[in-house]
Each structure stands twice: as C-alpha cells, then as structure tokens.
Amino acid sequence: VYNGWDCKRSGTMGAELSPIEMAKYVAGRRAADLVEDGMRVGLGTGSTAAWLVKSLGARVRNEGLSITAVPTSSRTAALAREVGIDVVSLEDARWLDLTIDGADEFDLAFNLIKGGGGAHLQEKIVATASDRMVVIADPAKAVAQLGAFPLPVEVIGFGWTASRKLIAEALEGLDVLGREITLRMAGETPFRTDEGNLVLDLHLGRIGNPRQLALVLNQIPGVVENGLFIDICDAVVIGHPDGRAELR
Ligand code: 5RP
C-alpha cells in the first residue's frame, strides 16, 4: 500500500520507508482527504507537507479534484507543479478555506514552532489568511512545552548583528532555559529565505510563555517574523508508523 506511486515519486524507488517517513506519509495522505472539490487550499512546506502535496496531486490526476492551491514556498510551488497541481499567489486567491502544513513542535494548546525549513514567514501569512489550519505531523512533534527545537527568527540582512544583540537582550528577561543564538547556514554561506532574508535559530530549551515571546520578538527592529504560531492551528493529524492516523 505504501510503496506505490507516492513512494516512487519521492525517489525511494519502492524501497521501504523508514518508520518516521511512514508516519509523515500517513499524516500527509490522511490530511489530503480533508480537501474537498472547489476548495482554496494553502500548501505547507517540508518533508511532511511534501507527502500532502503528492497525495493531493494524485487526487487531482485520478479523481479530477479541482482546487485553488497557494504554496508557502518556492520549493512547494515547484513540487505542486511537478505533481499536476496548478498554483496561484495568495493575492490572487485572496482568502483560503484550509491550510495544511507541517510543524517542528506542537503543544497541547496546538501552539507551534515552525520554520525548520525556513519558510515560516510565508507559512504564517498563508495560515492566517485561511479559515482553518491543520497541522500534519509524526508523533515526535508532540511536546508538553515548546522550545527543545530551536526557534527560527527571520531577520533582514541589513544590520542583522544588531538585531541579534537586541534579541539576546530581550531574552534576558524572559522565561527560557537557554539563550544561544546561531545564524543558520547553508553550507559555507548563510541560509537565505525565499525573501532573501537570514534566519537566526534561538536555542531556548524551554519556552515558558510562547505568546509573550512571539510578541516581544516581533517588536525588535530587523525581525521580520518568528516561528511561533500562537492560536493559529485548529487541528492536528498525527501519522503513526503502523499506518494509523489520528485527528486531534
Ligand atoms: C518549514 C516548516 C516545516 O513545516 C517544519 O520544519 C516541519 O518540517 P518536516 O515536515 O520536514 O519535519 O515549518 O518552514
């Protein structure tokens, strides 16, 4: 069942999926069934969202599903086109019925850390321009408290070291465990987002008050957007390696 078309398209050429990849596949495949004909849908970014896009592509080709799709990154746009999904800009779609995206962490209140792939700016814009946001995840993404995953913060290149200093100062007064800040690299050069900006990863260990932190970070000059998604996610589809999918 799982080594059919989707896996071959993913380049595994029919090889067994690892348990974690199977869980991601199940989450993406199950969430694709939430999409109804005629819907305007935001397509997330990342390895889990890639399974969603491939599963939706299969529905478009096999069932004639008709959707208006808005990608959250250039990577997702390219994949969507490859699997037969036409994409439009958010300006053209104006508003979306549903966005489905992955996450790096989600807590009991469905607050999220996103941006492991550096796409959290577009992801947040698209998710908040949607009636509903559904997260797709493997079980390891569920946490009691956010913060073990480094929090991505997109900053503009101009004066980024000053922005980093201001972020470090702001962290002093906040309920976090660690305070290390690293510039995300892509090999030898700094990683650049689709908007050409930089990403700082905040190694916080534990975030005591995610809402407060999200507000504080976005007040700092040079910060474009942080990876905390507060009160944005409505539901989570958790895929399991044994093929079960859980909708919370
Ligand atoms: C990209 C994201 C991704 O959704 C997040 O990093 C999860 O990715 P994956 O599904 O590959 O674990 O926020 O910016």
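Reader: What makes Glu123 count as buried or exposed?

Author: Burial here is a neighbour count: a residue is buried if 20 or more other C-beta atoms, placed from the backbone, lie within 10 Å of its own, exposed if 12 or fewer, and partly exposed in between. Glu123 has 32 C-beta neighbours inside 10 Å, so Glu123 counts as buried. Before we go on, this is a predicted model, where local features need pLDDT of at least 70, side-chain atom pairs count only at pLDDT 80 or more, and totals for chains, interfaces and linings use all residues. Residues are numbered from 1 along each chain as its sequence is written.

Reader: And what is Phe110 called on that scale?

Author: Phe110 has 19 other C-beta atoms within 10 Å, so Phe110 is partly exposed. You'll find Phe110 in the loop between strand 4 and strand 5.

Reader: Where does Glu123 sit, and which feature does UniProt place there?

Author: Glu123 is in helix 6; helices are DSSP runs of H or I with at least four residues, strands are runs of E with at least two, and both are numbered from the N terminus. The unreviewed UniProt entry puts the feature "active site" at Glu123. Such annotations may be inferred rather than shown by experiment.

Reader: Which residues does Glu123 touch, leaving out those up to four places away in sequence?

Author: Touching means that the C-beta atoms, placed from the backbone, lie within 7 Å. On that count Glu123 touches Gly44, Thr45, Thr72, Asp101 and Lys114. For Phe110, again skipping residues up to four places away, the contacts are Cys233 and Val236.

Reader: How do you know that strand 1 and strand 2 pair?

Author: Two strands pair if DSSP finds at least two bridges between them. Four bridges join strand 1 (residues 40-43) to strand 2 (residues 68-71), and these run parallel. Gly42, for instance, stands opposite Val70 in strand 2.

Reader: Which strands does strand 4 pair with, and in which sense?

Author: Strand 4 pairs with strand 5 (residues 112-113) over two bridges, in the antiparallel sense. Phe106 has Leu112 in strand 5 as its bridge partner.

Reader: What makes the unit of strand 1, helix 3 and strand 2 right-handed?

Author: Point the strands away from you: a crossover is right-handed if the path from the first strand over the helix to the second runs clockwise. Strand 1, helix 3 and strand 2 form a right-handed β-α-β unit.

Terms used:
Contact = placed C-beta atoms within 7 Å.
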